[in-house]
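The following exercises are to be worked with the sequence and the three-dimensional structure at hand. Each task is followed by a solution in steps.

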Amino acid sequence: MGLAASQARFLAITARKMNCEFQSMQIAQEKLSVTRDLEKAAEDYQNSLNATKLVWDSGDNSYDLSFDLMTTPSALNDYQPFLITDTQGKLVLSQKMFNAALSAGVIDSKGNPTGSFSMGGTATNDGSRNAFLYQLGVQGVINSSTIDSIEGLGDFGYTLTGAGGEVADKTLANIMPTNQFISYLTNTEYTQGQSIPEGASVGDKVYGINIASVLFPDITGSGDTDEDKEADKDAQLKKMFCETTSPSNTDKTPENGGSKGQIIITKDGDALDYNEIKELTLGDFLSGKYEMTIVNGESSDFEKYSKALLAGMADLLGVNNSFDIQGLNVDSLTQQALKDALVSTENNLNLSSASVESSGKTVHDSITNAYTAAQGANCIVKGNGCYSVSISNMLKSYLTNFAIAMDGYDSGYSVDADSSKDSLYVTSDPGYYFAIKNDNEGTISAQDMLNADFYNQIYNQICMNGASTDSNKMQRVNDSEYLTHALKNGQLFISALNDDGYFYQTNYNTFNDYIGEVTDDDAIARAEAEYNVKKSKLNSKEESLEVKMKNIDTELSSLTTEYDSVKNLISKNVEKVFTMFST
């Protein structure tokens with residue numbers, strides 16, 4: 001090979017060799033990048049193993065937390081809305097709900113409440129609750145039949161729940177907390193045409209209890225007409241009760257307002273007249289202090305009267321399952337619990353509590369002391385010539401024994417026979433729920449009332465706090481993944497109804513009975529699948545780079561050999577030329 005040809009070949013080999021070395025360096029960088037990507041994928045996958053999500057626990061099942069689940073009335077949320085709020089306390093609504101509130105005139109374009117706050121109204125944009133319902137229908141949030149049924153409730157369907165008002169009457173839902181239960185027993189009005197059981201008042205109150213008829217059921221009138229018989233019976237019953245203004249006068253002669261064996265009904269020590277006694281309700285007994293006392297009577301009679309009164313109250317609550325008025329929800333299990341509770345409470349009434357001084361004198365030596373002592377006990381208290389029992393404690397004991405029969409002694413409630421102070425009455429627990437018999441079926445739908453109260457609460461909250469105008473939040477709040485992330489990171493909060501009738505904003509983990517944080521198995525599975533796919537691609541790429549690197553190494557080795565050969569040939573040719581010309 002000529003010198004010129006060798007030099008050309010040498011330059012070509014040098015260029016190819018440099019190119020191979022450059023490609024080798026590039027492949028090495030790519031392999032390094034693949035290694036970093038593999039490490040990053042492995043790290044992300046490892047982190048995903050700790051992924052959690054928020055779920056809604058309905059008791060029987062759990063569901064992914066969602067905006068619709070919290071703002072749509074259903075048994076899953078117990079027909080109680082849980083609202084999403086931002087850091088300023090404004091409601092974060094879905095785009096459709098925001099549009100409905102805006103079109104109804106409940107808020108302005110800046111999300112501020114208009115101040116209308118009116119339940120009534122017939123226009124579709126007057127800021128009223130009905131306008132809000134109409135616009136929710138336009139937006140497809142609720143259907144027209146639901147709107148019609150809510151509006152069809154009229155005034156009964158208007159509530160200020162969430163704005164300080166009481167929660168709607170949950171008797172229609174067959175369940176209510178203690179305070180509402182007591183209020184219901186006090187204020188529920190009699191429905192015209194509804195039958196009244198013996199022992200119940202013929203007045204306005206469903207739960208009015210005619211103590212006279214309960215204690216003396218055998219008394220009959222002797223008049224000619226039904227009206228005369230009732231009047232005569234009423235007059236005879238009236239004679240059985242003392243009508244003085246002070247119980248201390250009840251040991252006087254009949255003309256002075258008292259007689260042997262007369263019954264005295266007192267409220268905090270003040271004797272009630274016959275008309276007041278007839279109008280007493282079970283709710284009155286639970287919310288006040290009422291006592292029954294007999295003067296110069298037999299202990300056996302008073303024990304009989306006490307048990308009769310207790311039985312009358314038990315009947316009104318449904319122990320015999322024979323009344324049309326609303327009582328406790330008396331399925332077979334509940335009815336048996338009511339009967340067991342009646343026996344337990346009657347057993348307390350067999351007891352007599354009397355403290356005796358060393359002199360032999362009974363401490364409860366006056367009417368006043370007897371009824372005062374009765375307030376602190378769950379049994380019949382013996383005084384000097386009298387017996388007294390707290391009607392209020394009697395009913396509280398009965399309901400507590402009922403709760404124990406239903407839930408067991410591990411429920412934490414208890415009745416101490418000698419002391420009301422040491423008793424843990426179920427009626428002192430505002431979180432206890434009573435199941436109520438629903439006899440309004442066919443006249444007022446439970447579902448309609450629950451729906452009305454649910455949307456009333458949302459409406460009231462919008463009227464009070466306004467709504468966020470952040471379009472990003474409105475559009476994404478329906479995304480469960482976004483909602484979970486925002487709640488966990490403190491970008492959004494949950495606002496829920498408190499016992500005082502107002503909504504309060506708090507973190508998601510406050511609602512342990514409803515919202516829980518669990519391992520996100522779906523997210524982990526997705527992350528694993530993504531990791532496997534990415535790992536497979538990166539491994540394939542790495543294998544491809546390895547093949548390329550081997551080919552380049554082979555080519556580079558061949559070029560190096562040829563490079564050395566051509567270089568050696570050029571060196572010899574140069575040496576040969578110098579030798580030839582030197583001679």
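**Exercise 1: Salt bridges**

At 25% relative accessibility, Glu303 counts as partly exposed, a class that lies between buried (under 20% relative accessible area) and exposed (over 50%), with a 1.4 Å probe and protein chains only. The model is a predicted one, in which local features need pLDDT of at least 70 and side-chain atom pairs count only at pLDDT 80 or more, while totals for chains, interfaces and linings use all residues. Residues are numbered from 1 along each chain as its sequence is written, and side-chain values use heavy atoms, with hydrogens and water left out.

Task: Determine which residue forms a salt bridge with Glu303, and how many salt bridges there are by this rule.

Solution.
1. A salt bridge requires a side-chain nitrogen of Lys or Arg within 4 Å of a carboxyl oxygen of Asp or Glu.
2. The partner of Glu303 is Lys307, with the closest N and O atoms 3.5 Å apart.
3. Both residues belong to helix H11 (residues 299-316) and are 4 residues apart, about one turn of the helix; helices are DSSP runs (H or I, at least four residues), numbered from the N terminus.
4. Lys307 is partly exposed, at a relative accessible area of 24%.
5. The count is 2 salt bridges. Asp234 and Lys278 also form one, at 3.8 Å from N to O.
6. This pair links distant parts of the chain, 44 residues apart: Asp234 is in helix H8 (residues 226-239) and Lys278 in helix H9 (residues 274-278).

**Exercise 2: Nonpolar cores**

Task: State how many residues the largest nonpolar core has and which helix gives the most to this core.

Solution.
1. A nonpolar core is a set of buried Ala, Val, Leu, Ile, Met, Phe, Trp, Tyr and Cys residues joined through side-chain atoms within 4.5 Å.
2. The largest has 57 residues, and Met292 and Tyr398 are among those with the most contacts inside it.
3. Helix H14 (residues 391-407) gives the most to this core, with 8 residues.
4. A second, separate core of 49 residues includes Met119 and Ile494.
5. Contact means heavy atoms within 4.5 Å; not counting residues up to four places away in sequence, Met292 touches residues including Leu215, Phe302 and Tyr387.

**Exercise 3: Cysteines**

Task: State how many disulfides the structure holds, and whether Cys386 is buried or exposed.

Solution.
1. A disulfide is a pair of cysteine sulfur atoms within 2.5 Å.
2. The structure holds 0 disulfides.
3. Cys386 is buried, at 1% relative accessibility.
4. Cys463 is also buried, at 10%.

Methods:
Helices (H or I, at least four residues) and strands (E, at least two) are DSSP runs, numbered from the N terminus.
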